Amino acid sequence: MAVFQSKKYVSSAQAGTSAQRLRVAVAKHPFLLFGLPFITTMVAGSFFLTPATALRYERHDRKVKQLSQEEGLGIGKDKRKVDLREEYYRLSAKDLDNWEQKRIKRLPGEPDGILE
């Protein structure tokens, strides 16, 4: 008799249970009893969750589509002409003519960024 048996020992209490029969059946036919039900569950879940996902995207699209009246006037035939360079300079340089350089006080012992 070999030291290591090729079959696992199954007690008489476990031998007749449905769990043990299922374990043996899955060992014989793994795809049919495990793979196919798993794939079926994934496909069914996909079909079940598709309407919920579509609803979520529709709600998001509705939020994005809400425009103010001023933004709405900029869309369509009656939109105002916009020069991108002019808008850029208008937004980036609010008041370039009236600025003054200010020196910020530093804490005692703090370097002021000037190299000696």
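Begin by selecting residues 31–55, the span to which an unreviewed UniProt entry assigns the feature "transmembrane region". In this predicted model, the span is 100% helix and 0% strand, and its end C-alpha atoms are separated by 35 Å.

**The bend.** Where does helix 3 bend? Centre the view on Leu49, where the helix bends by about 35 degrees. Then display Pro51, a proline that follows within four residues of the bend.

Now show the side chains of Phe34 and Phe38, both of which belong to helix 3. They are four residues apart, about one turn of the helix. An α-helix has 3.6 residues a turn, so residues three or four places apart point the same way. A search of the whole structure finds one aromatic pair. In that pair, the ring centres of Phe34 and Phe38 are 6.2 Å apart and the planes meet at 10 degrees; because planes under 30 degrees apart count as stacked, the pair is classed as stacked.

Is Phe34 buried or exposed? Phe34 has a relative accessibility of 56% and therefore counts as exposed, the cut-off being over 50%. Phe38, at 46%, is partly exposed.

**The whole chain.** Finally, select the entire protein and switch to a cartoon view. Five helices and zero strands are present, in the order α-α-α-α-α from the N terminus. The mean pLDDT is 78, and 75% of the residues reach 70 or more. With the surface displayed, the protein exposes about 12400 Å², of which carbon and sulfur atoms supply 60%. Of the 116 residues, 3% are buried.

Notes
Residues are numbered from 1 along each chain as its sequence is written. This is a predicted model: local features need pLDDT of at least 70, side-chain atom pairs count only at pLDDT 80 or more; totals for chains, interfaces and linings use all residues. Side-chain values use heavy atoms; hydrogens and water are left out. pLDDT is the predictor's confidence in each residue, from 0 to 100. Rings of Phe, Tyr and Trp (its six-membered ring) pair if their centres lie within 6.5 Å; planes under 30 degrees apart count as stacked, over 60 as edge-to-face and the rest as tilted. Helices (H or I, at least four residues) and strands (E, at least two) are DSSP runs, numbered from the N terminus. Buried means under 20% relative accessible area, exposed over 50%, partly exposed in between (1.4 Å probe, protein chains only). UniProt positions are given in the numbering used here, feature names are shortened, and annotations may be inferred rather than shown by experiment. The bend at a residue is the angle between axes fitted to the seven residues ending there and the seven starting there. Accessible areas come from the Shrake-Rupley method with a 1.4 Å probe; for residues, only the protein chains shown count as cover.
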